[in-house]
Amino acid sequence: MIQVQGLTKRYGDKVAVEDLSFVVQPGRVTGFLGPNGAGKSTTMRLILGLDAPTRGSATVNGKPYRRHVAPLREVGALLEARSVHPGRSAYHHLLAIAQTGGIARSRVDEVVDLVGLGQVVRRRAGRFSLGMGQRLGIAAALLGDPRTVILDEPVNGLDTEGIRWIRSLLRELAAEGRTVFVSSHLMNEMALTAQHLIVIGRGRLIADTGVADFVARAGGGVVRVRSTDPEELAARLRSPSVAVSPGEGGALTVSGLSTDEVGRIAGAAGIIALGRAKSGAVVGVLVSITTIPAASNVGVALAMGTLSEAGKSLVILLVNLAGLLAGGVLTLLGTRVWARRIEKGRAIFRPKSSPRP
Ligand SMILES: Nc1ncnc2c1ncn2[C@@H]1O[C@H](COP(=O)(O)OP(=O)(O)OP(=O)(O)O)[C@@H](O)[C@H]1O
Ligand SMILES: [Mg+2]
């Protein structure tokens with residue numbers, strides 16, 4: 001079991017992890033999900049005692065990592081797969097770790113078989129492909145037959161077969177009663193691999209929940225929005241339970257809110273937003289229209305549950321075309337033109353950042 005309590009880490013005035021508290025239970029795969037820079041690796045380093053927290057604490061199986069007498073048997077970790085002496089063979093890399101940890105030589109052969117590196121184990125690790133390096137890192141993590149396994153983005157660089165392999169390996173380790181804590185920035189991957197999720201954003205806890213619950217909640221609430229003022233809209237939408245990340249071409253990806261809710265917030269703020277919900281299949285389309293300032297703000301959400309498949313496809317096509325058109329027109333006009341129009345009372349929105357001409 002991993003227990004994290006009030007964990008905070010600052011680098012100068014940069015806050016990497018902020019007051020994070022959660023428990024990783026044994027017997028299930030716990031995914032540690034968050035966008036790039038969210039603080040996943042930092043949290044893992046703090047759990048492993050590789051970095052000192054500014055505040056708070058982290059324990060593994062009841063003690064700080066450093067206080068364990070035989071740490072390799074308590075925790076196996078893969079943080080940086082490339083931390084291997086490039087001239088050493090994979091076998092000797094593993095043997096060196098085993099010998100420093102008082103682990104039998106026979107265990108090296110076991111983990112080599114477990115990760116499928118039997119054919120290449122005598123080759124220099126420095127020549128390994130990314131995927132082979134990942135497998136070697138996992139072999140090293142499993143050497144001590146640890147009760148707790150911590151892996152930082154283990155699927156990075158793996159091919160489809162490798163990803164499938166890692167999924168089943170993690171599930172097997174958890175089924176044996178181990179604590180399995182694995183980070184990723186890919187929601188889809190975590191939905192397939194993990195049973196429980198700890199989600200962070202900007203160093204803070206966003207959710208600590210079962211995967212099924214999270215997906216169900218996000219199902220109506222992963223919304224892609226294109227807007228005239230993405231920064232302002234993002235600021236209005238963000239909350240501890242809502243994650244907003246920038247997507248392609250100034251679009252926003254919002255999780256934790258439905259299309260209706262995004263429309264209502266955008267409408268109330270006087271921001272034009274055009275978006276659609278996405279959870280595998282498109283489930284709804286949202287058009288938020290804001291009319292003359294001080295007049296009514298209208299958020300229109302088209303619930304498409306009652307439409308036929310053909311009807312849905314048509315609506316999606318039309319809205320996509322409208323989105324493309326609107327995006328193009330708004331980009332062409334630019335914020336200054338819009339701001340000027342506001343002064344003349346004709347505008348339908350005004351980005352906060354642009355100065356009044
Ligand atoms: N040693 C350091 N010095 C200064 N800032 C750091 C240091 N380590 C991490 N950070 C900052 O802390 C934040 C969190 O970084 P971290 O690597 O933990 O994120 P992450 O969730 O692992 O991201 P990724 O998905 O890209 O691996 C980032 O903004 C990063 O720049
Ligand atoms: Mg990281």
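By class, the shell around ligand 1 comprises three nonpolar, seven polar and two charged residues, where Ala, Val, Leu, Ile, Met, Phe, Trp, Tyr, Cys and Pro count as nonpolar, Asp, Glu, Lys and Arg as charged, and the others, Gly among them, as polar. The structure is a predicted model, in which local features need pLDDT of at least 70 and side-chain atom pairs count only at pLDDT 80 or more, whereas totals for chains, interfaces and linings use all residues. Residues are numbered from 1 along each chain as its sequence is written, while chains are lettered from A and ligands numbered from 1 in the order in which they are written.

The shell around ligand 1 is formed by Tyr-11, Lys-14, Ala-16, Gly-34, Asn-36, Gly-37, Ala-38, Gly-39, Lys-40, Ser-41, Thr-42 and His-185; a residue is near a molecule or strand if its C-beta atom, placed from the backbone, lies within 6 Å of it. Two or more residues of this shell are given by each of strand 2 (14-24) and helix 1 (40-47). Helix 1 gives the most, with three residues. Helices (H or I, at least four residues) and strands (E, at least two) are DSSP runs, numbered from the N terminus, and the protein has eleven helices and 15 strands.

Helix 1 is also mostly covered, with seven of its eight residues buried. A residue is buried if 20 or more other C-beta atoms lie within 10 Å of its own, exposed if 12 or fewer, and partly exposed in between, with C-beta atoms placed from the backbone. The buried residues of helix 1 are Lys-40, Thr-42, Thr-43, Met-44, Arg-45, Leu-46 and Ile-47. Just after helix 1, Gly-49 adopts a positive phi of about 70 degrees. The C-alpha atoms of Gly-49 and Arg-67 are 9.7 Å apart, with 18 residues of sequence separation. Arg-67 is located in the loop between strand 4 (55-60) and helix 2 (71-74) and is exposed, because 12 other C-beta atoms lie within 10 Å. Asn-61 is found in the loop between strand 4 and helix 2 as well. Although Asn-61 is not a glycine, its phi is positive, at about 50 degrees; with 17 C-beta neighbours inside 10 Å, Asn-61 counts as partly exposed.

Of the 357 residues of the protein, 39% count as buried. The largest nonpolar core has 81 residues, a nonpolar core being a set of buried Ala, Val, Leu, Ile, Met, Phe, Trp, Tyr and Cys residues joined through C-beta atoms within 7 Å. Helix 5 (residues 130-142) supplies the largest share of this core, seven residues. Domain 1 (2-210) and domain 2 (220-343) both give residues to the core, so it lies between them; the domain bounds come from an automatic or database domain assignment. The residues with the most contacts inside the core are Ile-47, Leu-94, Ala-139, Leu-143 and Leu-197. Leaving aside neighbours within four places in sequence, Ile-47 is in contact with Ile-2, Val-4, Ala-58, Val-60, Tyr-65 and Ile-150, where contact requires C-beta atoms, placed from the backbone, to lie within 7 Å. Among contacts in the protein between residues at least 6 apart in sequence, 63% join residues at least 24 apart.

Strand 8 (residues 196-201) is mostly covered, with six of its six residues buried. His-196, Ile-198 and Ile-200 point one way from this strand, whereas Leu-197, Val-199 and Gly-201 point the other way. Strands pair if DSSP finds at least two bridges between them. Strand 3 (residues 29-33) runs parallel to strand 8 and is joined to it by four bridges, with Phe-32 opposite Ile-198. Strand 9 (residues 204-210) pairs with strand 8 in the antiparallel sense over six bridges, and Ala-207 is the bridge partner of Val-199. The hairpin of strand 8 and strand 9 has two residues between the strands. Arg-202 lies in the loop between these strands and, as a residue other than glycine, has a positive phi near 50 degrees. With 16 other C-beta atoms within 10 Å, Arg-202 is partly exposed.

Ser-245 stands opposite Thr-253 in strand 12. Five residues lie between the strands of this hairpin, in which Gly-249 takes a positive phi near 60 degrees.

Key:
Contact = placed C-beta atoms within 7 Å.
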